[in-house]
Amino acid sequence: FGAMGSVTTTLTIDSATLQAVKLDQTGTQAGRPVDVHMTYGAGGHLTGTFNVPGPGGQARNGTVDTTLAGTVIDDNLIQAFTEALPIQNGAHLAIGVFDASGQGPLTYQMSVSDGGQVVVPAGTFDTWRVAMAGNGLAFNYYVSKAAPRRLVKLEIQGQPVSFELLH
C-alpha cells in the first residue's frame with residue numbers, strides 16, 4: 001500500500017485440502033486500522049472479528065459466527081487457488097468466496113481463454129487468461145500452461161496496475 005498503509009496478512013491453510021484454517025490481518029490502510037481475525041472450523045463453521053476502513057473512510061466492524069454452505073475459499077487464497085484450477089480453454093466457473101472484511105460469502109465468476117505469450121521479467125510464458133469478477137472487482141490472471149503452473153501476471157481491470165513474475 002506504500003503511503004496508503006501497510007497490512008500484514010497471515011493465512012494458515014490445511015495442506016491436504018487447501019482450505020483456510022485461520023486468517024489474521026493487521027495494519028493500516030489510508031490511515032485507518034485494519035484488524036481481521038477469522039477461524040475456519042469443522043463443518044464450514046467460521047468465527048471471528050473484523051475492523052476495516054469502509055467507503056468514505058468510515059470504519060466497518062463486526063463479528064462473524066456463521067456456517068458456510070458448500071465449498072467456500074477465503075478471498076486471500078484466490079491467487080493460489082487460480083493456479084490449481086482445472087484450467088481449459090472456454091471453462092467457466094462459479095467460485096464460492098468468503099470476504100473476511102465484512103462482505104461475507106460471495107460468488108466470483110471465472111472464465112478461461114488463451115492468454116497468448118506473456119513477457120515478464122522472469123521470461124516469456126505461454127499462458128491461460130483467467131478472468132475473474134466479483135464483489136465489484138475484476139482481475140485478469142495469466143497462468144502458465146506448462147507444469148508446474150505459475151501465476152505469471154495479474155492485472156486489475158480498469159486500473160493502471162499489474163503484478164509480474166520476477167524470477
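## Close-up views of salt bridges and a sheet

**View 1. Asp114, Asp126 and Lys145 are joined in a network of salt bridges.** A salt bridge here means a side-chain nitrogen of Lys or Arg within 4 Å of a carboxyl oxygen of Asp or Glu. By this rule, five salt bridges are counted. The model is predicted, so local features need pLDDT of at least 70 and side-chain atom pairs count only at pLDDT 80 or more, while totals for chains, interfaces and linings use all residues. Residues are numbered from 1 along each chain as its sequence is written, and side-chain values use heavy atoms, with hydrogens and water left out.

**View 2. Aspartate 114 meets lysine 145 through their side chains.** The N to O distance in this salt bridge is 2.7 Å. Which parts of the chain does the pair tie together? Aspartate 114 lies in strand E8 (residues 104-120) and lysine 145 in the loop between strand E10 (137-144) and strand E11 (151-156), so the pair links parts that are 31 residues apart in sequence. Strands (E, at least two residues) and helices (H or I, at least four) are DSSP runs, numbered from the N terminus. Aspartate 114 is partly exposed at 46% relative accessibility, and lysine 145 is partly exposed at 28%. In these legends, buried means under 20% relative accessible area, exposed means over 50%, and partly exposed lies in between (1.4 Å probe, protein chains only).

**View 3. Lysine 145 also forms a salt bridge with aspartate 126.** Here the closest N and O atoms are 4.0 Å apart. Aspartate 126 sits in strand E9 (residues 123-134) and lysine 145 in the loop between E10 and E11, so this pair ties together parts that are 19 residues apart in sequence. Aspartate 126 has a relative accessibility of 37% and counts as partly exposed.

**View 4. Five strands form an open antiparallel sheet in the order E1-E2-E3-E4-E5.** Two strands pair if DSSP finds at least two bridges between them. Strand E1 (5-13) and strand E5 (59-67) stand at the edges with a single partner strand each, so one side of each has no neighbour in the sheet.

**View 5. Strand E4 (residues 45-53) pairs with E5 in the antiparallel sense.** Nine bridges join the two strands. Glycine 48 stands opposite valine 64 in E5.
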